[in-house]
Amino acid sequence: MKGSFVPSSSPYDVSSGARSQTSAMMGDGGGMLSDPPLGVSIDSVQNRQVIDVSGKVQERDFAGTPYVPVYVMLPLGVINMKCELVDPDSLVKQLKILKSIDVDGIMVDCWWGIVEAHAPQEYNWNGYKRLFQIARQLKIKLQVVMSFHECGGNVGDDVCIPLPHWVAEIGRGNPDIFFTDREGRRNPECLSWGVDKERVLRGRTAIEVYFDYMRSFRVEFDEFFDDGIISMVIVGLGPCGELRYPSNPVKHGWRYPGVGEFQCYDQYMLKSLRNAAEIRGHSFWGRGPDNTGSYNSRPHETGFFCDGGDYDGYHGRFFLNWYSQVLVDHGDRVLSLAKLAFEDTCIAAKISGIHWWYKTASHAAELTAGFYNPCNRDGYATIMAMLKRHGAALNFTCSEMSMLDQHVDFSEALAEPEGLAWQVLNAAWDVCIPVSSENALPCHDRDGYNYLLEKAKPMSDPDGRHFSAFTCSNLSPLLLERHNFVEFERFVKRMHGETVLEYQT
């Protein structure tokens, strides 16, 4: 889950609600005020939905702890639809400020809808080339995201980057290339995994399209790979770039904490389900369950997700095995080609934290997202084994979700962000997968940073395991305000394991 508020004063600042449904759970703000005095939380001064966990995390000394690189996310609209870098002079000034406090690098989305917008295999990387040259001049490293999804459509979004025009044109004639719910509503946020191996994209399969795009990027920016400026490639694997189904789309009326809906009703996914049922010897199982409620149902309101419900029956277990395996197989196919395209560069996959209904037996919201993780089954081990096969790192975006508890009623949704994070992180660390993370909400106060530090370098871990990198959301004038920037600099030093001298307030 990832979302953030960014003030509107910079020409390329936007909300990043498109990256996840976090913004649907929280209020969105606008405008920017003058600096509040040090010691006053941003939340109380600006009435913004930001992290403030005053008094909840006891501060400890991180001097001498492992070095965790810190990256800062660039705004979603830093490259416009013409693939031009927006306001490069302002960006250079901001990056120099970040460099002055030893921030390791920046993260940027490389949007499919911008680069291959008009015709198949006609790529325009101009804006990214300008951005990467600036990063190299400043000796700032890059985490790049291969963003094969749409940007826009979630609460708070004020930027829209659709899928390529030629893909949308194909979709108008064949809407089954998109994920589809039981009522037949299409979601053009990304392509259905049912077309991974179907030649429906002007003679190419979706997997071939993704590979050609990644290969073009690798060739275009060869020198940046060779000199180590590009430190990681995060491979988009679904909506918001995350390996999951688009089970909770705001555009279709979903609101937290609805269980969401299964997204397997395009003709290609249904064909796969029918084939799986026939192989099992029960052809009548070649359909989705019919008692799962709607997007905003609660588990106990449905016959499928309630305690003792059909999710744990013969047909339910068959369906969920198939549904979750399609997710794993999609990740497996795309990452195998990403590994081929990017050779010795670290690749990573994003997994979101679907934490609501975690305390129920069915874990309903996880099931519709494709994580087969009820209380009697580990739904993340199979995913981690797949990542391990490709030497891919995990980028997990739920590490600080429990800090939302001042604004979101977790008890109503029987949510447990801490328990989910514990399960996912240990599933990765147990098979020696590097784990990086991002904060889902803006963080500007010391208590919030203390919380993130405790997650990045858990004191209680007997093996001394820690994050391999951390990315902050996100570069904006708000982050660079004096009082916020002082706390951010302090956070960076502690992430780096340096001694921090207290400043005078």
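This note sets out, point by point, the main features of a predicted model.

1. Basis. Residue numbers start from 1 along each chain as its sequence is written. In this predicted model, local features need pLDDT of at least 70, side-chain atom pairs count only at pLDDT 80 or more, and totals for chains, interfaces and linings use all residues, while side-chain values use heavy atoms, with hydrogens and water left out.

2. Overall composition. The protein has 16 helices and 10 strands; these are DSSP runs numbered from the N terminus (helices H or I, at least four residues; strands E, at least two). Of its 505 residues, 63% are buried, meaning under 20% relative accessible area with a 1.4 Å probe, protein chains only. The accessible surface is about 18300 Å², and carbon and sulfur atoms hold 49% of that area (Shrake-Rupley method, 1.4 Å probe).

3. Contacts along the chain. Among contacts in the protein with a separation of 6 or more, 78% join residues 24 or more positions apart; a contact means heavy atoms within 4.5 Å.

4. Helices 7 and 10. The axes of helix 7 (residues 206–220) and helix 10 (residues 314–342) come within 9 Å and cross at roughly 25°. Helix 7 is therefore roughly parallel to helix 10, a term for angles under 35 degrees; the axes are lines fitted to C-alpha atoms over the stretch in contact, with angles from 0 to 180 degrees between N-to-C directions. Residues making the contact include Tyr210, Phe211 and Met214 of helix 7 and Arg333, Val334 and Leu337 of helix 10.

5. Helices 10 and 12. The axes of helix 10 and helix 12 (residues 381–389) come within 10 Å, crossing at roughly 10°, and the two helices are therefore roughly parallel to each other. Leu327, Val328, Gly331, Asp332 and Leu335 of helix 10 meet Thr382, Ile383, Met386, Leu387 and Arg389 of helix 12.

6. Helix 14. Among the buried residues of helix 14 (residues 446–456) are Tyr449, Tyr451, Leu452 and Leu453. Their cover includes helix 13 (417–429), strand 10 (469–472), helix 15 (477–480) and helix 16 (482–495). Asp445 caps the N-terminal end of helix 14, with a side-chain oxygen 3.1 Å from the backbone nitrogen of Asp447.

7. Gln143. This residue lies in strand 3 (residues 141–147) and, at 2% relative accessibility, counts as buried. The side chain of Gln143 makes a polar contact with the side chain of Thr471 (3.0 Å); such a contact is a pair of N or O atoms within 3.5 Å, where, within protein, one must be able to donate a hydrogen and the other to accept it, and residues adjacent in sequence count only if both atoms are side-chain atoms. Leaving aside residues up to four places away in sequence, Gln143 also touches others, including Tyr71, Ile106, Met107 and Ala469.

Notes. Buried means under 20% relative accessible area, exposed over 50%, partly exposed in between (1.4 Å probe, protein chains only). Angles under 35 degrees count as roughly parallel, over 145 as roughly antiparallel, 65 to 115 as roughly perpendicular and the rest as oblique.
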